[in-house]
Number of protein chains: 2
Amino acid sequence: MTVPTTQQDTAPRTLARCRDLVRPALAQAVGRLHPWHAGMAAFSLGWSDVDGSPLPGSQGKGIRQALAVLGAEAAGAPGREAVVGAVAVELIHTFSLLHDDIMDGDETRRQRPTVWKAYGTGPAVLAGDALFALAVQTLADAPGGSGAPAVRRLASALSDLVRGQAEDLLFESRPWTGPGAVRPHEYRSMAEHKTGALLGCAAGLGAVLAGAPADTADALDRAGRHLGVAFQAVDDLLGIWGDPQTTGKPVHSDLRRRKKTYPVLAALAADHPAARRLEVLLHAGGPLDDDAARRAAGLIEEAGGRTATVVEAHEHLAAARESLARVPLAPAAHEEILALLPYLIRRTM
Amino acid sequence: MTVPTTQQDTAPRTLARCRDLVRPALAQAVGRLHPWHAGMAAFSLGWSDVDGSPLPGSQGKGIRQALAVLGAEAAGAPGREAVVGAVAVELIHTFSLLHDDIMDGDETRRQRPTVWKAYGTGPAVLAGDALFALAVQTLADAPGGSGAPAVRRLASALSDLVRGQAEDLLFESRPWTGPGAVRPHEYRSMAEHKTGALLGCAAGLGAVLAGAPADTADALDRAGRHLGVAFQAVDDLLGIWGDPQTTGKPVHSDLRRRKKTYPVLAALAADHPAARRLEVLLHAGGPLDDDAARRAAGLIEEAGGRTATVVEAHEHLAAARESLARVPLAPAAHEEILALLPYLIRRTM
């Protein structure tokens with residue numbers, strides 16, 4: 001995907017602007033936690049090390065907080081009206097990373113130990129719960145009349161989030177092929193729940209907190225959900241063909257772990273001889289070694305799984321744009337969102 | 001504590017009545033979960049076995065749902081107005097059992113395996129998250145104008161709940177004596193957060209959902225918090241002197257695990273020779289064997305720790321009654337609450 005130079009400049013500026021706007025309120029919210037939990041939250045947010053020493057400049061992009069701020073601006077309000085929602089979605093994102101890393105047994109994230117690895121499983125479970133509670137409290141305590149619909153949106157996204165994680169975990173025990181196999185549309189639904197719901201909620205929350213009509217908030221929410229599906233597709237491409245230096249994971253890592261990701265499922269669903277050879281390879285059982293993983297990656301590409309995943313990402317970006325086009329939005333914020341979409345997924349494309 | 005016969009009859013009737021009122025809505029809420037999570041929730045609620053087969057009549061007392069219903073009735077409204085709040089607090093209680101059992105490494109609860117033991121740690125973490133999300137969603141979606149203050153109360157109780165669990169876990173690494181030792185008032189604060197916040201929230205939520213003024217809801221909330229401290233004190237007595245046949249745990253179980261409970265802390269804080277002998281015994285390190293645990297229990301009793309804990313429970317029950325006396329309450333519901341208080345803690349006294 002070719003991204004015009006102006007958009008390439010716009011997106012990082014937007015993200016930095018939103019981070020600067022939200023950071024004081026986010027730090028204040030984290031400061032309300034029990035100090036033990038605040039320490040784990042600061043570690044997970046990239047603000048500090050295990051020993052509590054500050055780590056300047058290592059925080060994440062802050063996609064969710066940016067979508068919340070832009071959601072308010074797109075509805076014609078100042079971004080600050082969305083700050084309380086931006087804080088809530090960042091806290092929920094952090095909660096979900098803490099708990100997902102436990103469930104997935106992941107020991108590192110962004111070249112650092114995961115929270116359960118650094119602090120223990122029990123403390124990581126509890127810190128996640130504390131972040132979850134704080135997110136709900138932050139939004140419920142929001143001044144003005146928009147707290148109640150905002151909490152309703154967050155609660156609905158939370159239900160989707162845990163449902164998506166369940167779907168993903170249960171894919172592991174399903175067969176690669178045959179009647180019980182995971183179909184691409186089931187995978188898309190999982191990605192929408194697991195990744196899209198919170199991105200959509202972020203953008204929709206911003207609009208709700210700005211007092212926008214429900215159809216504006218819904219259009220922003222749907223755009224965020226499509227972005228989530230596109231985001232997951234890119235994650236899947238990175239999990240197979242990503243540069244280990246960029247991803248921090250070994251080459252073909254998802255294949256070694258026999259993860260049922262979109263490229264594999266799309267390849268297996270294809271009517272192509274390579275799909276049948278891939279099937280035989282995957283049915284052998286056990287983790288794939290270097291050679292088998294490399295052969296599997298080749299067969300997935302040959303059967304069209306890589307291309308199908310790139311197409312999937314593009315289609316959902318297009319659907320996100322279409323959703324935004326259906327409602328009147330403030331032009332400047334609309335453009336910033338449009339610049340953000342390809343930036344967020346161009347990591348491999 | 002001597003409980004009049006009429007009260008002994010009243011309390012089980014009240015609990016059964018409230019369970020019958022709430023059960024359909026609770027079952028409906030659980031039915032909204034992903035089937036995997038619904039199965040774990042039904043198992044934890046005592047409704048079904050690991051294989052999904054029904055277990056009639058094995059559910060818990062349902063203290064929290066009863067307090068919610070009685071909170072509404074005490075505010076002069078029909079109990080059904082509190083059902084949505086009763087469902088939310090039962091879901092949160094179930095969530096907290098699932099996650100606490102992981103943190104505490106407890107393998108059995110009420111003579112059955114805990115959820116993490118039966119289904120695995122990751123699934124138990126996720127099912128807890130799903131119950132948490134469902135509780136917030138249930139309350140946020142409540143019809144009428146009371147959803148927002150109800151969610152605020154629940155969110156605040158949730159923050160206290162996780163804070164209390166953190167305080168409890170951190171007590172483990174504190175010394176038995178000296179400047180860093182856990183003081184009885186710190187223990188009381190932990191118990192109020194960990195056990196009292198949700199009981200108080202239940203009663204207060206009932207009043208809020210019934211449209212009661214804030215001071216009525218606050219008085220019910222405070223009463224529930226005191227009940228929680230009393231409840232924890234009784235739990236601590238059971239953890240040392242409880243009958244293994246009733247508790248399902250070995251005799252002196254909390255002492256064997258070197259748990260810092262109120263009787264031990266009160267004994268150590270006493271100016272008594274037995275307190276100093278207890279100190280020496282505890283400082284020896286490692287889990288206590290049969291003989292050491294029996295000697296420790298004797299020394300705690302000699303130093304006054306057992307009596308202090310009984311007094312603690314009584315004082316907090318009295319404080320609960322006083323809190324209720326400060327606001328006008330519907331007499332029938334008020335009496336039912338008063339009958340419930342001693343019933344809930346008479347397990348050992």
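Predicted model: local features only at pLDDT ≥ 70, side-chain atom pairs only at ≥ 80, totals over all residues.
**Two chains about an axis**

The same surface serves both copies, since 100% of the contact residues of chain A recur in chain B.

The contact between the chains can be followed from the side of chain A. There, 33 residues of chain A are in contact with 33 residues of chain B. Four helices of chain A, namely H2 (35-44), H4 (83-104), H6 (121-140) and H7 (147-171), each supply at least two residues of the side that touches chain B. The largest share of that side comes from H7(A), which gives 14 residues. By residue class, the side of chain A that touches chain B divides into 19 nonpolar, ten polar and four charged residues.

Turning to the chain as a whole, chain A holds 16 helices and two strands. Its radius of gyration is 20 Å, close to the 20 Å that the globule rule gives for 349 residues, so chain A is as compact as a globular protein of that length. Along the principal axes, the C-alpha trace of chain A spans about 60 × 45 × 40 Å, and buried residues make up 56% of the 349 residues in the chain. Of the contacts in chain A between residues at least 6 apart in sequence, 74% join residues at least 24 apart.

A:Leu45 has its place in the loop between H2 and helix H3 (63-74) of chain A, and it counts as buried because 23 C-beta neighbours lie inside 10 Å, where 20 or more are required. When residues up to four places away in sequence are not counted, A:Leu45 touches A:Gln59 and A:Thr94. The C-alpha atoms of A:Leu45 and A:Glu90 are separated by 9.1 Å, although these two residues are 45 residues apart along the chain.

Two helices of chain B can be set side by side. Helix H4 (residues 83-104) of chain B has 22 residues, which at 1.5 Å a residue should span 32 Å, and the distance of 31 Å between its end C-alpha atoms agrees with this. H4(B) is mostly covered, with 21 of its 22 residues buried, and just after this helix B:Gly105 takes a positive phi of about 65°.

Helix H14 (residues 290-302) of chain B, with 13 residues, reaches 18 Å from its first C-alpha to its last, close to the 18 Å expected at 1.5 Å a residue. Its buried residues are B:Ala293, B:Ala296, B:Ala297, B:Leu299 and B:Ile300. These residues cover an arc of only 165° around the axis of the helix, which puts them on the same side of H14(B). The face turned away from that buried side carries the exposed residues B:Asp290 and B:Asp291. What covers the buried residues of H14(B) includes, from chain B, helices H9 (214-241), H11 (253-256), H12 (262-268), H13 (273-283) and H15 (305-325). H14(B) is followed by B:Gly304, whose phi is positive, near 95°.

Within helix H9 of chain B is the place of B:Leu237, which counts as buried because it has 24 C-beta neighbours inside 10 Å. B:Leu237 and B:Thr247 are ten residues apart in sequence, and their C-alpha atoms lie 11 Å apart in space.

The backbone angles of two loop residues deserve a separate look. Most residues other than glycine have a negative phi. B:Gln111, however, has a positive phi near 60°; this residue lies in the loop between strand S1 (108-109) and strand S2 (112-113) of chain B, and it is exposed, with 8 other C-beta atoms within 10 Å. B:Arg258 likewise has a positive phi, near 55°, and lies in the loop between H11 and H12 of chain B. With 16 other C-beta atoms within 10 Å, B:Arg258 is partly exposed.

Conventions
Residues numbered from 1 in each chain as written. Chains lettered and ligands numbered in written order. Rg over C-alpha atoms; globule rule 2.2 N^0.38 Å. Buried ≥ 20, exposed ≤ 12 C-beta atoms within 10 Å, placed from the backbone. Contact = placed C-beta atoms within 7 Å. Nonpolar A, V, L, I, M, F, W, Y, C, P; charged D, E, K, R; others polar. Expected span 1.5 Å × (residues − 1). Arc of directions from axis to C-beta.
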